[in-house]
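Okay, thanks for making time for this one.

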Amino acid sequence: MRSTLFLIPAELFGLPVFGFGLLLGGWIVLSVLAMGWLVRQQGWNRDTAGYLPLLGLIAAAIVFLLPGMVEIDPATRLPLGVPVKGFGVMLMLATVAAVGLAAYRASQMGLDPEVIYSLAFCMFVAGIAGARLFYIIQYWAEFQRASLVETLQAAANVTKGGLVVYGSVLGGVPAGIWFLLHRRLPVLALLDIIAPSMVVGLALGRLGCFLNGCCYGGVCLTAPYALTFPGKSALDPPSPPYSQQLEAGWNSGLWLIRRGEEIAIGYIAPLGPAADQLRVGDVLSKINGAAVDHLLDPERLAKIDPARRTQAILEAAQERLRAAHGSYEVETADGRIVRWTTPQPPPRSVPIHPAQLYAAIDAGLLALVLWFFYPYRRRDGEVFALLLTVHPLSRFLLELIRSDEPGQFGTELTISQWLSVAFFAAGIVLWIWIASRPAGTALPAASRLATE
């Protein structure tokens, strides 16, 4: 994990960088040069004018958003600068790679790449907005601040992560379809061209999630490729999986697991004070003087489904450790009593599945499949339909090893799994509809329309 790559200083040569400062001046000069080059290359037309909203949006972000993102040194209260986040950098690379790939395919098919650039801008803005809005709605409590301005700044700060992939689909795809219909371009033919790019962008975006520590997997104590994530570092707060595990009792340096109907030690913090006294696999009978079997009162225990009772006791045992505040005592089933103190929690998390890397590999492989399937399609829309049916299946399975989202609608299925079911059903419907259409493609007509 490397959430913050470096800091852009808040001042240079005694002048402010953000707001009405050096960065805005540089951006205005760059924008004027870019627009002059576009006018020279293609004249003043609709495509050229289409870049103005993006240039203005970035200028507005420099003036109104970036000043609120300046990190403050807690010791001196002096501004440090705006952090450049790994997630944001990967998001930029994902956008460039996805647009470049689609433009290359479009040029192969005789389309003007400018169509792809304009389409990408429309889908990018709507997709980011949809992904962020989906996340904000799902985790609204994380964004509430003392004032409306601070709340809006927190909501707009996408460089720290907080984008839901399916939210980007729900925002970006309808916007792209609207753009294509507005330009009288064949929707399914263009969706086929951009389908591989969508998952290329997803693959690189998931690497950004890995750098940020979000979208993480559940605890994995058996696989050699399981990874640990850091606590607080010089530039970053504790990683999301680390914070979640602290809430579950990891501050003690012990991670507990179920072993049949018993509670045992599954993992011990390396070099921690308990590492020399306890062993992985030790069954616990008492935690801080309380018998493990009696951590839940009989009346409450009787109301729990028998299949979940051991899990409920495990959660109670972890809560007992979490509430101990640095001084711990456990008794093992063989009668050993072990005491230790630790003023600070372990520096790193319990090993977890690198779910972000699984997702990146999955998306990369799917991008290859879609790219090489494209020449063999018989009808427009088949590549996009393949995306709609294959990706939801893998996403549904990947959600099984993630632990950062709760179940929804009274079930254990996450919101992403529910959406996976919906997208898979939509893909099946699209396949059926495509099969009823005559073979062939509308791309020759699209080529003429794109260059008019």
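So, let's start with the sheet: three strands, open, in the order β1-β5-β4, and the pairing is antiparallel. Helices and strands here are DSSP runs, H or I over at least four residues for helices and E over at least two for strands, numbered from the N terminus. Two strands pair if DSSP finds at least two bridges between them.

At the edges you have β1 (4-8) and β4 (71-72), each pairing on one side only. Helix α4, residues 86-108, packs on this sheet and touches β1 and β5, where contact means heavy atoms within 4.5 Å. Its direction makes about 45° with that of β5; the axes are lines fitted to C-alpha atoms, for helices over the stretch in contact, and angles run from 0 to 180 degrees between N-to-C directions. Back to β4: 2 bridges join it to β5, residues 79-85, and the two run antiparallel. If you want to find the spot, look for Glu71, which stands opposite Gly81 in β5.

Before I go on, a word on where this comes from. It's a predicted model, so local features need pLDDT of at least 70 and side-chain atom pairs count only at pLDDT 80 or more, while totals for chains, interfaces and linings use all residues. Residues are numbered from 1 along each chain as its sequence is written, and side-chain values use heavy atoms, with hydrogens and water left out.

Next, the hairpin. Strands β6 (residues 254-259) and β7 (residues 262-268) pair antiparallel over 6 bridges. Ile257 has Ala264 in β7 as its bridge partner. There are 2 residues between the strands, and Gly260 there takes a positive phi near 65°.

Which residues have a positive phi although they are not glycine? Arg184 is one of them, at about 60°, and Leu271 has a positive phi of about 65°. Arg184 lies in the loop between α7 (165-182) and α8 (187-212), whereas Leu271 is in the loop between β7 and β8 (284-287). Are they buried or exposed? Arg184 counts as exposed because its relative accessibility is 60%, and Leu271 is exposed too, at 87% relative accessible area. The cut-offs are under 20% relative accessible area for buried, over 50% for exposed and partly exposed in between, with a 1.4 Å probe and protein chains only.

For a contrast, take Ile304, in the loop between α10 (298-302) and α11 (309-322). Ile304 counts as buried, because its relative accessibility is 16%. What does Ile304 touch? Leaving out residues up to four places away in sequence, its contacts are Leu296, Arg309 and Ala312.

Now have a look at Phe13, in the loop between β2 (11-12) and β3 (15-16). Phe13 is exposed, at 80% relative accessible area.

Finally, the whole chain. It has 15 helices and 11 strands, and the C-alpha trace spans about 85 × 65 × 35 Å along its principal axes. Of its 452 residues, 47% are buried. And among contacts between residues at least 6 apart in sequence, 71% join residues at least 24 apart. That's my tour, thanks.
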